[in-house]
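Below is a short note for someone opening this structure for the first time. Please read the points with the sequence and the model side by side.

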Amino acid sequence: MSEHRIKLKVNGEAESATVQGHTTLLRALRSMGHLDVKSSCEAGDCGACAVFLDGEPVNSCLMFAAQANGCEIITVRGIGTEESLHPIQRQIVEKGGVQCGFCTPGIVVSAKALLDKNPNPSRQEIRRELAGNLCRCTGYQKIFDAIEAAAEEIRQ
Amino acid sequence: MSERIKTRVVGARLPYVDGVEKVVGTTQFVGDFNLPGVLTGLALRSPHPHARILRVDTSRAESLTGVHTVLSRENGPAAKFGINHQDETAFCIDKVRYIGDEVAAVAAVDEATAREALELIRVEYELLPVVDDPLSAFGEGVSLVHENVPNNLASQFHVTRGEVDAAFGAADATFEDDFHTHLAHQAYIEPTGCVAEPHPDGRLTIWGCLQSAFIIRTFMIAPITGMDPDHIRVIQTKPGGAFGGKLDVKAALMAALLARAAGKPVNFLLSLDEDLTAMRPRMPVHISLQSAFRADGKLLGKRVNIVAENGAYSSLSPAIMSSIALRTDNLYRTPTVDIEAKLVYTNICPSGQMRGFGNVQATFAWESHLDNAAVGLGIDPVELRLNNYVETGDLTLHGWKIASCGVADAARYAAKAIGWTEKRQQGGKGRGVGLASTIHVSGNKGFAVELGPSDKEPSSAVIRLDSEGRAEIWSGESDLGQGSASVMAFIAAEVIGLPVEDFQVPPTDTGCMPFGFGAFASRITLIGGNAVKIASENTRELLLRAAADVLEAAPEELLIEGREISVKGFPARKTKVKEVIRAVGGAIEGSGTWYAGGEVLDSKKYGNPSTTYSFSTQAAEVEVDMETGIVTVLKVVAGHDPGRVINRLGSEGQVEGGAVQAMSYCLMENLSPEKGRIRADNFHDYLIATSLDVPPVEHEFFETIDPHGPYGAKGLAETAINPTAAAIGNAIFHATGARLRSLPFTPERVLAAIDEVRSGY
């Protein structure tokens, strides 16, 4: 099996790891301690493992860690922490867009990707952007409400 | 209606108490555990739906470097377990009974080694005929899933109340329908898993995404390991969704056995395909219904015939079938009924409980049938329901005591909000509205009987105030993401007088927390909530007594507000709550126990099984493409009687999430078993609703202030999912004239039903 030494910048910190050729970015990030990146389907269906890779949202289960060598990764904790919540995170809490919380890190990443390029999305644009993030608890309605409220908060 | 107590916190619309940790990703789910030296546990699962095991050879796997233990029938426990029937073993002994059945398990230093070890295990099978159709699983010469169970009948019963034949004889109109529901999964996003750690003194700790830590300990781990239950500590990790599927979790047993054998901690985490094929998804069932009515719409009697699919092992299926059989009779005044129910073993994963506990299936069948009856009688479906609903104070034919009931108000609301009167005039052109109602247990007395001679079912809570004035609530009942932690925090904050945000509700831990059976049967708000209320009253009393000494006043003269305690009428005579706690040594702990109401049913299933009952009525508007059969749900409106709303934001979330889950269940989801093989074993074949699929869900709560509930509250999350599929089916019927009797409503089925109508069947 081929081994690769990779270097990543994760949430602003330089990190390195030794991975197998077949190790996915998801598994590498989790083994490096980034447990805020969630693992479910490992097939690109659920979006729980979404992260930013050089500014673009990706399902980290769908690429090899070696392919991400030299890249900058932002996980949900890079978007905001307990002490400094991002408006998307704060609004998801306030509007009731979180129940079990397992899909939430991926939802936050997708929502941020949307608002980064479109600060004033319509409901339909929000629905379209989130179509790759499965949530089984909320029925999505309160997540839509939260993203609309966050967009407004960021615009002001 | 009981007296409505004025509240400060209860009924507010506030975020979950554990919302922030979840949006920043710090919540520790079971897959996030990383114990030092932990081994990876994996199961070798049966590739065949039904086969005799001729030989199991694990020797090559055992000698692989990095493998710590291999367990199978050769060295594993042979004892049987099961909550209702004890028909399941840790590892297959003589036969495999479904694709996914555990034949062996390994624990190794890492996943790659564990997988390699699985491949080195040799198993010889003799294939047996597959039992895959419960309707043809009886009779001479049929293959038996369990050799000691004739006709594959895991369970059966017959219940008759009143003179059913006379009722049908006297009827002005009778109706008949056959319904079928499919195998569908809870489809939580977090795959199931458990971690077990053995200790040098022989004790064992298990962590897992569990709905009930106490049930796993008592009904599964203790009987199989032979351990003293008190030596098994089960700690819940917050589940990433559960919906019934994480109640009876065999992964806990696998982790426990491997860890004990290896003498080291073991992770046993399912992959999604294992979870979708080898857990306990919602029970499929055939339901045949006949009903008898007077011309004015008065229901006179029902005949019910049920064939439910058990799968390979029983778990809770007998109780689920009972729920399917009896429940809807208690929603309408039903003078007579005759029920035949059979639970049939088949070679598929064990079927089980999903949110609704059989009531989704039962409600789909009965509420669709009632819609047909309304058409036959020439009576508006809403009127027909309003003429027959039970009311507060009723004793139903099965012995249920209806202590509070808001179903009629919910129905009037749902009809008005969907635009019933105007829209029912149209119909038949691809657009339609439909409606359905439900009753659900709230605080069902479920497991006491299984445990022994007492029929008492206690739930306890402890509340601990620390020297900073913050509070922790310890309860044996579990939060699954449905918001019960917040419900408990609201109740405690209301009683004690501290801010909601000062309360933490850690996950259940059998090692130190008080007893509770956990999250099922809509128990938590009612049973757990009452326990927390009593514990809070005790805590408040202790706090006031301590404050009385500090402020030199009588406890009844004191006021707790914000984080301070003052003497009423003398605002200057005050102190901080934390100072009072420090004055008595840094901690105040109150506790309380509440016993579930209801009775254990007699041998004829007569009696009042639950503390009380919740209700809802939902209406749906759909658009059906008459050329493709594709159904779009345009809107769902939901009228609910939760007794009293504790957390409005959480309550709304339960209703929205429940209705969407039901829509997903009836339009999209299907595990698609074929000859014992589940074909949809991933999220691109097992389709659940995405953000693009969901309709808006509107809601209204009708607070009936139940006499048994904390502040009058009852359960809510299951009434949110029960009626939606029937409401959508009824709306499709209104839109097209086509009655869908099999779930799910795929475009093919919808189109076929429309074609039948067009061709004049």
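1. A residue counts as buried if 20 or more other C-beta atoms lie within 10 Å of its own, and as exposed if 12 or fewer do. The model discussed here is a predicted one. Phe357(B) has 30 C-beta neighbours inside 10 Å, so Phe357(B) is classed as buried. The location of Phe357(B) is the loop between β17 (337–345) and α9 (359–377) of chain B. Phe357(B) is not a glycine, yet its phi is positive, about 50°.

2. Lys675(B) also deserves a look. Its phi is positive too, about 50°, although Lys675(B) is not a glycine. Is Lys675(B) buried or exposed? Lys675(B) is exposed, because 11 other C-beta atoms lie within 10 Å. The loop that holds Lys675(B) runs between β28 (673–674) and β29 (677–678) of chain B.

3. Chain B also has a cis peptide bond to check, the one from Leu743(B) to Pro744(B), with omega near -10°. Pro744(B) sits in the loop between α18 (724–736) and α19 (747–758) of chain B. As background to this point and the two before it, most residues other than glycine have a negative phi, and most peptide bonds are trans.

4. The domains of chain B are made of separate stretches of sequence. Domain 1 is 19–27 + 458–595, domain 2 is 33–128 + 193–269, and domain 3 is 356–447 + 607–755. The C-alpha centres of domain 2 of chain B and domain 3 of chain B are 38 Å apart. Between these two domains, six residues of domain 2 of chain B are in contact with five residues of domain 3 of chain B. On the domain 2 side of that contact there are four nonpolar residues, two polar residues and no charged ones.

5. Turning to chain A, its elements are six helices and five strands. Their order along the sequence is β-β-α-β-β-β-α-α-α-α-α. The C-alpha trace of chain A spans about 50 × 30 × 25 Å along its principal axes. A compact globule of 156 residues would have a radius of gyration near 15 Å, and the value for chain A, 15 Å, agrees with this. Of the 156 residues in chain A, 56% are buried. Where contacts in chain A join residues at least 6 apart in sequence, 58% of them join residues at least 24 apart.

6. One strand pair can be followed in detail. Strand β1 (residues 3–10) of chain A pairs with β2(A) in the antiparallel sense, over eight bridges. Within β2(A), Thr18(A) is the residue that stands opposite Arg5(A). In general, strands of a sheet pair through backbone hydrogen bonds, either parallel or antiparallel.

7. Chain A is divided into domain 1 (3–78) and domain 2 (80–155). The C-alpha centres of these two domains of chain A lie 21 Å apart. Here 13 residues of domain 1 of chain A are in contact with twelve residues of domain 2 of chain A. On the domain 1 side, β3 and α2 of chain A each supply at least two residues. The largest share, three residues, comes from β3(A). By class, this side of domain 1 has nine nonpolar, one polar and three charged residues.

8. The last point is the interface between the chains. In it, 41 residues of chain A are in contact with 44 residues of chain B. On the side of chain A that touches chain B, at least two residues each come from α2 (76–79), α3 (87–94), α4 (104–117), α5 (123–129) and α6 (141–155) of chain A. Which element gives the largest share of that side? It is α3(A), with four residues. By class, this side of chain A divides into 20 nonpolar, twelve polar and nine charged residues.

Terms used
Residues numbered from 1 in each chain as written. Chains lettered and ligands numbered in written order. Predicted model: local features only at pLDDT ≥ 70, side-chain atom pairs only at ≥ 80, totals over all residues. Contact = placed C-beta atoms within 7 Å. Nonpolar A, V, L, I, M, F, W, Y, C, P; charged D, E, K, R; others polar. Rg over C-alpha atoms; globule rule 2.2 N^0.38 Å. Domains from an automatic or database assignment. Pairing = 2+ DSSP bridges.
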